[in-house]
Every structure is written in structure tokens, then in C-alpha cells.
Amino acid sequence: MKVGLFIPCYINQLYPQVGIATLELLEKLNVDVGYPYGQTCCGQPMANSGYENESVGACQNFVENFKDFDYIVTPSGSCAYHVKKHYNIIEQTDDVVNVRNKTYELCDFIVNILKIKHIGASFPHKVGVHKSCHGLRGLRLGSCSENVGTEYSYIDELLQEVSGVELVTLTRKDECCGFGGTFAVTEEAISVKMGKDRIQDHLDSGAEVITATDTSCLMHLEGLITRNKQPLKVLHIAEILNSTI
Amino acid sequence: MTHSKAASIFNKDEKKVNWHDKALWFVRHKRDIAAHTVTGWEELRNLGHGIKAHTLSNLDTYLTQFEENALKNGVQVHWAKDGDEHNRIVHGILKEHNAKKVVKSKSMLTEECHLNPYLEADDIEVIDTDLGERIVQLAKEPPSHIVLPAIHKKKEEVDVLFQEHLGTKPCDGDPQYLTGEARKHLREKFIHADAAITGVNFAVADTGGIVVCTNEGNADMGAHLAPVHIACMGIEKIIPKQEHLGVFLRLLGRSATGQHITTYSSHFKKPREGAKMHIVIVDNGRTEQLSRPDFRASLHCIRCGACMNTCPIYRRSGGHSYDATIPGPIGSILSPGKDLKKHSTLPFASTLCGSCSDVCPVKIDIHSQLYKWRQIITKDTQQPFVKKTSMKMMGNIFAKPTKFEKVGKVARWSLRNLPKSMINSKPNVWGKERDLPLGPKESFDDWYKKRQKNE
């Protein structure tokens, strides 16, 4: 099984440590990982802003880079969801269909394809999980509070096996953080307010670290935390799962 | 005004935003408790979705069946292609009966058609009898929510409003006193009304009857006292059979307020002796929306308001920020179909978090439709030059790996080396209240290449 690692554009440029943790984690789990150099972006920033047409080149580049892998794994629920849900705008060749079917968010891949829950990580901290929306309600990485049914969460399942992690209970367990791509600037006031409210919930619940499947949400929250000098850290879930402190 | 502008004004008073958010979250929370205690809730949603989809695909059949049965019951049926025709019909009926005083129970359709000002222009008094509706009517404001029309008003504001209009005593916003006074005031209006106008929640094709859901019994008070009852409905209110009410009434109350059922689910089938009953069936753009495959499911809506209560943007921007008859997520997929230009910012007033679609009792894919409207809006309406060109540029950069690498390098260098005052200067809206990450020296690409070399 050959896995293609997709590192989202902003992680590649701004949060390389998240990419490194993802790669190291997958290698630790004995996955044969390849990283195609020509990759850029899944196309989501343009498409979610209403410019799907401008994203066609990015989509095609994505498929071209990843078509020969058995699975494509990425530390982003949002990007994985975009490939699966919105790549209907390019011609549905066998390669495109295959890439869409084989793209997985990291936790989803570990739990459902590798069928591993215990990674052997340790991280002695109180952790608040921010359930990023596209992973939660798009990829269904867990049950959401709106739906009625069996409760589950792949993220929690993995974190519960990490030695020392104490998961905190939030008042609003799956409210959006307000990032939303270009929404973060076009609706700046609401975006900031939503972020502040999420952070307060984590602080009130005693979290030391906020983690998520998506660095985009975390970048937004971190921006507020840093500006307001709040006692919280953000870490992508790959960084916790790869931790052995 | 754009949604974003209106929202930023609303956010100037953070305490009020917190209060508004909590008030609506409380309703969402009540909805969760109610929904989670129903065995088969998700099956019920599937059924609701299925019945609505089937009905919309056979709308002509069910509408004519409904008309036929309503006529048999002695009800007069009218058809209106748009808001103007609807208003003319209602006005005509009132004139025919020489009605000068009208009581109205909650109806978003008459809001949509702007019926009140139309009738008031001919010196007809129209009193909204739902308490929340009456409050916003006295305040000369539109409703800010379809189920909780005055949710943006604090009880202290209602106190002041009632002192001015109903002559109440100052009471520090005592809800019991204020409600009691409103009740007295409205009783007078009910007793002297010449006609009653109601909305319609469900119109049952196989019986010709209609169902109106209220918590205050005001629809009944109006319709049972006045000699004329006019019920106004959009064409999408039809359901095929009486037994389908069992699905929708269970979904509606729970989704709207967390009640098992609305306090009053009033069935009107025929005029009582000596009285008249009219039903006005209105299109007003619905057929056009039905013709759009991507958006037709928006007509499934049973107006429960759950998408508003759950929407993190609605809760923090208030209903008026949408400047549309129906605010919130469902309004943002309905309104562009009516006036694309006017409502062009609404589909962008969302993070596409998807909570609206998951809370919707009839499973409308609201957030997917928001995404689809965005694609149409950027093509069919004028867009800011900066947005258009930056999207084109980004598209080009991401299509070419070498360009991406170069741009990334420059961006990282800038974040690392430029002074914060420059990074967070005015054009960078992000930086107004948030820091940007420090640009790392190495991208993941750089790190990986180095690692490969050293292996």
C-alpha cells in the first residue's frame, strides 16, 4: 500500500511542523509514504469564495500528483472533504473518481483503514478538541450534536489512547470557530466573535491545549490567543499523536 | 447594506451579542433535548423530506385536489401569481365585507407580500396578534426571526414600548405584567375585528382543510370571532394526506422550540355557520425556485426556524442583518432566488459549517445550496475588483507548483521580517484583532527535500 501525503498549501508554508508530525506519525505506523513535489492546494479557497472555475487548475494538478497512489492522506478534514465533495467540477475520469474515493483525513485513515487506535503516544496535558466542521459534518469523523444516533468520534478514540491526555468537556462541543476561509476577512466581526467565544469555552473547561484536525481553524484561534495573550496553546492532532513526551 | 456591514454594527455591543447568542442557543438546546428523546427522529426527518420531495414533484395535482376539496367544503379559493395579486385579492375580500378592522395571526407570507402597508394605505387597521409580532409592529420593525419575531428585543425595551403605545406602567420589564397588558389590549382587538387573516402551516390535499400552528391561540381567537377568515398560503404548504400531519407536527414543534407539539394545532376545514372562509394560494416566485434543480429543495421548508437558532452567524448578527423577509440560513438560500443582486452577500454570511443542514427537520441541504449560490453570484453580479483578481491570481498560482513555491517563499519571508505594524496595517483585515503566524524559514517542501538528500 503506497500512500500519497497531501500537505495543504498553508500548512506547507506556515505550519511545516504539522506536516512533519503527520509524515513521522504515518511512518511510525509502518505506512509507505510518498510526497509528490508538484502538489499545491486542493482548490478550496477559490471554490468556497464562489470562484469554482478558478480552482480547476488546482484540482487537475491535485489529481495529476496523486493519481498513482493507493490512498491519499492529509492532515486536514476540510481539504479532504473538498476533494470528495466538490471535485465534480472537473471531468470525472477514472483517475479523478479514484482520487476522490481514496482521499482520507489523517484520523479517519488511521482508525478506518489502518484500523489502529493505540499509537503509543504520550502527552500529559488537558486537551480541548475543536471539532472542525468539514471533518465533523462533512466527512462524519464523529457524530454531531444535531443528529440523533450513536455517539462516536474517531478523534476522541485516538486521543483517549494517548497516555496522559485528559479530554475536557466543552459547553458547546461542536460549534464552528468562525474561520470559514475568506469568511474570516469578509465577515471579520462575526469571525472574530465566534473565535473568541470558542476560546472562552476551552478556557472555562480548563483546557491547556486546543487541538483539531484542521490547522486552518487553529490558525484563526491561535491568532486571537496570541493577540489577547491567553494561556492556551494550539496543536494539530498529528502533533499530539506523534508526541512521546 | 451588506450582511457583513450590518453584522459589524450589531457586534459593536458585545454584551447584546452575547445575550442574543445565548437566548437562541437556549432554544437550540431545548430542541436537542426534544429531538433526542424521540425514537426514530432521523427516520422522521427522512419521511418529512420524502413527503415534501414527492409533493413538490406532483404539486399541480395536489394543489388542484386541494382546491376541489376546499370548494366542496364551502371555502372560497383564490390564486395569486405574486405578492401584488395576493394583496389585491385580500383587499378585495375585505372591501366586499366592508371590513375596516383586521386581526392577523402570524404569517411570513403576508410579510413577504407586504400586505400590512398595502391595507393600511386604504385606512384598514391591521393588528398582528402574535405577541412577538405585535411588539415588532409597535416598534415599526420587521420580525427578526420567523418563529420568535421579537427575539432581538429585551423585556426592558418591550416595557418602554408598551408604555408608549399601550399606556402601561413602568415595570422593569416584568414579563407577566407586560403579557397580561398585551392580552387585554389584544382581546379588545379580537372582539371588534371585522375579519381575521391567518397564515397556513399545512394544507391537506385530500381533505381541503388547513392547519395553523400557534402557541398563543391567536389564530383561533381571530378566526372564531370574526365573520370572515382569510387564510393565505404559499403553494409549497401542501401535503398530500391528513395522516402526513403526524410526521410534520411532530417535527415542527420540536425543531422550533423544543416543544413536543405547538400549543395549538388548529384545523380549519369549512366556514362556520353565517361566516365566510377564503384561502389565497400564492406563487410569488416559488414556481421559479422549483424550476432550479439545485435549489428546489429549499421549498421543503416548514418554517421552524431551527436553522436560525443553530447558526453561529445568525446568533451573532441578528435577524435584521439579513435584510430579508426570511433571515438566517434558509432565508439565504431562498432570497437570492427572488432578487439576486439585493441579496448577493447572504450566501457568503456562512462558514459552511453545515449545522443548518443537520438540524433541518426536512433535511434541506442548506449549506450545499449556499455554496451553489456563491458560484452563481460571482458570475451574475458585479464583484469587487480586488476579490475577482485575487481569486484569479490564486487560481493561477495553485495551478503551477513552481509559482506556488516562489510566492510561498516571499510570504514566509515577509511574515518573518516585516515589522508587525506593517503586517497588521489597515488593508490586512485579518490583523485587526488577530495575529498572523510567524513565517517559518523552511516550508514543509524545503524540509522534505533536505531530508531526502540526507538519507
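Colleague: Which residue of S7(B) stands opposite B:Ala196?

Modeller: B:His229 is the residue of S7(B) that stands opposite B:Ala196. This is a predicted model, in which local features need pLDDT of at least 70, side-chain atom pairs count only at pLDDT 80 or more, and totals for chains, interfaces and linings use all residues. Residues are numbered from 1 along each chain as its sequence is written, while chains are lettered from A and ligands numbered from 1 in the order in which they are written.

Colleague: In which sense do strands S4 and S7 of chain B pair?

Modeller: Two strands pair if DSSP finds at least two bridges between them; strands (E, at least two residues) and helices (H or I, at least four) are DSSP runs, numbered from the N terminus. Here S4(B) (residues 195-198) and S7(B) (residues 228-234) pair in the parallel sense, over three bridges. They belong to an open sheet of six strands, in the order S1-S10-S7-S4-S2-S3 of chain B. Its edge strands, S1(B) and S3(B), each pair on one side only.

Colleague: Why does the span of helix H19 of chain B agree with expectation?

Modeller: The expected span is 1.5 Å times one less than the number of residues. The 15 residues of H19(B) (385-399) should therefore span 21 Å, and the end C-alpha atoms are 21 Å apart.

Colleague: How many residues of chain A are in contact with chain B?

Modeller: Contact requires C-beta atoms, placed from the backbone, within 7 Å. By this criterion, 59 residues of chain A are in contact with 56 residues of chain B. H12(A) gives the most to this side of chain A, with seven residues.

Technical notes
Contact = placed C-beta atoms within 7 Å.
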